[in-house]
Amino acid sequence: MRELNLSLNQTQKVRLQTALQELQDLSSKVNSSATVTVADTITVSHEDGVLKGHGTSELNGEVVATLCGVVERVNKLVYVRALRARYKPEVGDIIVGRVNEIAPKRWRLEINFSQDAVLMLSSMNLPDGIQRRRTAIDELSMRSIFEENDVVCAEVRGFQHDGSLHLQARSQKYGKLERGQLLRVPPYLVKRRKQHFHHLENYNVDLILGMNGFVWVGEHTEPRENDLMEDDSKTIESGTTNSKVANLEEHEGAFTPLETRQYICRIANAVRALSVLGFTLSIEVILSTLEASMSIEIKDILGAEFCVQTAEKEVLRRKSLTKKKH
Amino acid sequence: MTWRHDGHAFKLNEKHNPLNLLEVYATLQEVLKARFLISQITLEIKTHLKAINYWTKLYKNSLVLIMEFVNPEGFRLDGRRPMEMRRLQAEIGAVANADGSAVFEMGNTKVVAAVYGPREVQNRSQQISDQALVRCEYSMANFSTGDRTRKQKGDRRSTEISLVIRQTMEACILTHLMPRSQIDIFVQVLQADGGTRSACINAATLALADAGIPMRDLVTSCSAGYLNSTALLDLNYMEDSAGGPDVTVGVLAKLDKVTLLQMDAKLPVDTFESVMQLAIEGCKAVAHYIREVLLQNTKQLEYRRGV
């Protein structure tokens, strides 16, 4: 079992096995979809005509899979949806990445894709919030926006004609992420949804489920809409009062309360436990796992007992879902 | 008395008295010690020789001792039949941080493979604009062999095997789908008992499939040899070090194409064909097993993920 080095005792082993077995039965009821491995033939009816999509190739008139995954059919299109693979970007996806390198007028971000993504300075909102041409001075002060190893949230803008992937961060909700944890999970566990930014109000925590499998858990920050005005007021203040006091205030603002830190760790561990078990990371599942974990210590979330319980709960949840459908 | 390098026979010089068997056995004992790492020779030499299937023959006035790799009952040293493979065992997902990884065992040979990528090319000058760069690194753990030797990283043997594995895998990866990126394959031998390069290729195939890298077909590999006028499938260390021919074949199972063929001895053409055919049959058996493992793994991932 991948990444799961749990020291299960005999009962836990049996419980986990039954839970997983039930999951298997449930999913086979819903869709007995064709799983294929590399070089398996995909059965198609040639009379209707076939469009070969991703993960397929043609060999002696047969459609053959080139990936391990699930065969999906949309009208004439036949493609293989790979499970464990790197992220495949689509325009409009919300992603979290880490700055690898600063190049002229652009940042290069590691986003779990086959190449680094490019975030142009011109596709960024400037910190002063004014729309204007980017000058050489802006270019020189790029490090004041993002430095190397900063975690950044952005949106996929599209592929350039040379094949490179471009990002954009033209909204206040995008930008640098601070005071939190970055988790890396397999991208197939994150589903494309309307909402990828989640503000967990009870815990004062922001959760960003990046489509590329990078999950951000951090302290909640309000999107700063009027940065400019704040800056103005600050300069006036610092003009009148002692600058040391202003510094102190800033420090206080930078302080994350212990409680919030604990919640961040708790949520992060819940996400880790779910990803280790290979369950889809939807906000509902994460929240229910989080609530279930409230009675135990943070470190025990990654322990054997809680993982088994999570698996059992997932079985119940999926069962109730299938019941509703019928 | 001399040790003949080409085969598995000991030949006496004229000087020696062929009838002085004790002397012969004593020398033989030393050679055996060095050659096959048999550390404990305690019993009477004769019985010991019998135990490891040596027999003596008087040939042209000299005493020749020939190692018997297939006994009259038709069993090999480790109890297999000539056309029998060792037990296969594979596990996917052994390295947590890799994009794909696998452990592959063939009998006592155990290999771990990890695949990283496709990812950004580390050395920009190596970047290829229309296809992916495939790199491979082979290494042997210090504890993998019987005698613990400190091997430096870039020795000739491992460089050669790295190259062999790289070329074999490159032939099956659809590199044109991942331009300007690089794929790193790391294979390490944890236990060496013959057929390490076959095991490495099989492990790398599994790891690549696990990493979701598009491939033309599954490459599998198996070795075969020819000892005591018998074709033997999947040689172990003892048979490998006998000095006979060792044919390693890599095959694209579905396409029926050979991507790797290595042999480090001479063999008549007709015999070679039968040995190679045997190795190909072995490859197909491996492919069948690997397919089962992959299918099981994919199914598991899918049902766990849910709808």
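**Ground rules.** I am looking at a predicted model, where local features need pLDDT of at least 70 and side-chain atom pairs count only at pLDDT 80 or more, while totals for chains, interfaces and linings use all residues. Residues are numbered from 1 along each chain as its sequence is written, chains are lettered from A and ligands numbered from 1 in the order in which they are written, and side-chain values use heavy atoms, leaving out hydrogens and water.

**Entry 1: helix α6 of chain B.** I looked up helix α6(B), residues 269–305; helices here are DSSP runs of H or I with at least four residues, and strands are runs of E with at least two, numbered from the N terminus. At 1.5 Å a residue its 37 residues should span 54 Å, and the end C-alpha atoms are 53 Å apart, which agrees. The expected span is 1.5 Å times one less than the number of residues.

**Entry 2: α4 against α6 in chain B.** How do these two helices pack? Helix α4(B), residues 196–210, meets α6(B) at about 30°, with the axes 11 Å apart; axes are lines fitted to C-alpha atoms over the stretch in contact, and angles run from 0 to 180 degrees between N-to-C directions. The two are therefore roughly parallel (under 35 degrees; over 145 is roughly antiparallel, 65 to 115 roughly perpendicular, the rest oblique). On the α4(B) side I noted Asn202(B), Leu206(B), Ala209(B) and Asp210(B), and on the α6(B) side Val286(B), Ile290(B), Val293(B), Leu294(B) and Asn297(B), contact meaning heavy atoms within 4.5 Å. I sorted the contact residues of this pair into six nonpolar, two polar and one charged. Ala, Val, Leu, Ile, Met, Phe, Trp, Tyr, Cys and Pro count as nonpolar, Asp, Glu, Lys and Arg as charged, and the others, Gly among them, as polar.

**Entry 3: α5 against α7 in chain A.** Next I turned to helix α5(A), residues 258–277, whose axis comes within 10 Å of that of α7(A) and crosses at roughly 70°. That makes α5(A) roughly perpendicular to α7(A). Ala273(A), Leu274(A) and Leu277(A) meet Cys307(A), Thr310(A) and Ala311(A).

**Entry 4: α6 against α7 in chain A.** Last, I checked α6(A), residues 283–292, against α7(A), residues 304–325: the angle is about 135° and the axes are 11 Å apart. That makes α6(A) oblique to α7(A). Their contact includes Val285(A) of α6(A) and Phe306(A) of α7(A), and its residues divide into three nonpolar, three polar and three charged.
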